[in-house]
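The following exercises are to be worked with the sequence and the coordinates at hand. Each task is followed by a solution in steps.

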Amino acid sequence: MLCQNCNKKPATIHLTEIINEEEKREVHLCEECAKEKGLHYKTHFSIQDLLGNLINMPQGAESAQETPKPCPECGISYDDFRTRGRFGCKNDYRVFAGQLEPLFDKIHHARRHTGKVPRRASENLARDEVLLDLKERLSEAINNEDYEKAAELRDQIGRMEGNR
Amino acid sequence: MSIRLAEIAGGKGEWLRAAGPEADIAISTRVRLARNLANFPFHNRLSPEQAQALVDFVENKIRRALNNQNLILQRLSDLDQTDRQILLERHIISREMAESTKPCAVAFDREETIGIMIAEEDHLRIQAMRSGLDIGKAWERVNALDDLLESEMDFAFSSKYGYLTACPTNAGTGMRASIMLHLPGLVMTKHIEKVYNTVSQMNLAVRGLYGEGTQAHGDFFQVSNQITLGKDEQTTVREVDAVARTVVEYERRSRRWLREKGAPKLLDKISRDLGILKNAFIITSQEALGLLSSIRLGVNLGLIKGLEIETVNELFLASQPAHIQARHGGELSTEERNAIRANTLRAALQPASIG
């Protein structure tokens, strides 16, 4: 379909003008003519915009916890991640785990991988699994102000990571 | 311009052959996997030196693991702007990579059935391309490639979040299965908006010809999955395939309707558009894309004789700016390109007629 204004370019913007309750009129314009007519609206958005919006959504109850510390590996802070929408290293997935789950709910409607597993990874997975679980219990303990338990878990994590 | 790239620009990618299933509507299928190495920071935290080390490392591994695949290994730093543009127009590299200032590289085969981008947003973007609607085969191919590469390197992976990617939208399988569809019937009958909305509701994305953030031009639309976490690869393959097939079916219905109810108008449009292409001396790539879309529909409906669909598919590429420069053998101004484009199209379309 060609633009109704210039009749030259393909119409990419389609509007329905509501003249009164019964009368509606369809308008089809190319981007340039629409701009000339002062119609300002977004014709498309990038995934970054969308992601930025998702990440910056009002924080739900789940992520009401403190902002996590920056990643010790790559140095990226949670704010860096929020603005860019990109992780700095694989470790960020653990460091920001508490914040990520609600984000994954929004993006993927899921929190856990169910697909392919690389053959080489499987040997490291069992230990990683245990570590991840310990870390979850640690942040839980901290949230519940159970510092004795937290110290115990922290030492256990330290020992396991030391064996790497 | 490198000699090799000029040769590639003149070549025919497998995915252009219009030989696959539903190829009158589905141009091509691609499945890509995003992978990162466990022992390097992600791309945005790589120093130029680290990026170079990553490229060196992966290139070596590719030479070992894929030495029988006859791959062309190309460093982007050795290419000028036109060369990069050729690879972009052929969908061998992404826009991000074409504009990248850090060391990066790409490996692909001459038939353009597989490609591996090195140091893109993720360390590796492994992809397989097929003509027509053929997601299952593309997945099998890319999965096998991934297995070969994985035997040589450790990928960043967690049992919880799957393959760890730079962007959380890719985490899990890291897989994007996309079909490029030509939907002039749905556009002409004004049903495209409905398709757009329905597809979006199913958590699939509709994008333009050159991926994310680009607008649909020349009635080309990409359908792809959005969700990568919590759904395994086979399920995603099945879902995207089912949706693409439904869209193809609706496009067929629109085309039938156009032939039956809108015949005079349709014939008039296709005939006029062919007339312009056969007679124009100056034409922009944008205009060419729109007109060629109409010609493609005309050939598929049997309204235009003397022209193969494969030729039309090739003309879409041959009309792109860098491909015109490659053919001509040097830098050209926009005006010069518009004149050469018109000449190429006039010559290629002379045998075509309304019949």
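The model used throughout is a predicted one.

**Exercise 1. State how many residues of helix H3 of chain B are buried, and name them.**

Step 1. Helix H3(B) spans residues 81–89 and is mostly covered, with 7 of its 9 residues buried.
Step 2. The buried residues are Thr82(B), Asp83(B), Arg84(B), Gln85(B), Ile86(B), Leu87(B) and Glu89(B).
Step 3. Just after H3(B), His91(B) adopts a positive phi of about 65°.

**Exercise 2. Compare the span of helix H10 of chain B with the expected value, and identify what covers its buried residues.**

Step 1. H10(B) runs over residues 285–300, 16 residues in number, and extends 22 Å from its first C-alpha to its last, close to the 22 Å expected at 1.5 Å a residue.
Step 2. Its buried residues include Glu287(B), Ala288(B), Leu291(B), Leu292(B) and Arg296(B).
Step 3. Among the elements that cover the buried residues of H10(B) are strands E8 (175–182) and E11 (304–305) of chain B, together with helices H6 (184–188), H9 (263–279), H11 (309–318) and H13 (334–349) of chain B.
Step 4. After H10(B) comes Gly302(B), which has a positive phi near 75°.

**Exercise 3. Classify the packing of H12(B) against H13(B) as roughly parallel, antiparallel, perpendicular or oblique.**

Step 1. H12(B), residues 321–328, packs against H13(B) at an angle of about 80°, and the axes are 10 Å apart.
Step 2. Angles from 65 to 115 degrees count as roughly perpendicular; the two helices, H12(B) and H13(B), are therefore roughly perpendicular to each other.
Step 3. H12(B) contributes Pro321(B), Ile324(B) and His328(B) to the contact, and H13(B) contributes Arg337(B), Ile340(B) and Arg341(B).
Step 4. By class, the residues of this contact are 3 nonpolar, 1 polar and 2 charged.

**Exercise 4. Is Pro351(B) buried or exposed?**

Step 1. Pro351(B) belongs to the loop between H13 and strand E12 (353–354) of chain B.
Step 2. Pro351(B) counts as exposed because it has 11 C-beta neighbours inside 10 Å.
Step 3. Apart from neighbours within four places in sequence, Pro351(B) is in contact with Gly306(B) and Leu307(B).

**Exercise 5. Describe the side of chain A that touches chain B.**

Step 1. Chain A comprises 7 helices and 2 strands, in the order β-β-α-α-α-α-α-α-α along the sequence.
Step 2. Between the chains, 39 residues of chain A are in contact with 35 residues of chain B.
Step 3. Helices H2 (47–55), H5 (97–108) and H6 (122–143) of chain A each supply at least two residues of this side, and H5(A) gives the most, with 5 residues.
Step 4. The residues of this side are 17 nonpolar, 12 polar and 10 charged.

Key: Residues numbered from 1 in each chain as written. Chains lettered and ligands numbered in written order. Predicted model: local features only at pLDDT ≥ 70, side-chain atom pairs only at ≥ 80, totals over all residues. Contact = placed C-beta atoms within 7 Å. Helix = DSSP H or I, 4+ residues; strand = E, 2+ residues; numbered from the N terminus. Nonpolar A, V, L, I, M, F, W, Y, C, P; charged D, E, K, R; others polar. Buried ≥ 20, exposed ≤ 12 C-beta atoms within 10 Å, placed from the backbone. Expected span 1.5 Å × (residues − 1). Axes fitted to C-alpha atoms, helices over the stretch in contact; angles between N-to-C directions. Parallel < 35°, antiparallel > 145°, perpendicular 65-115°, else oblique.
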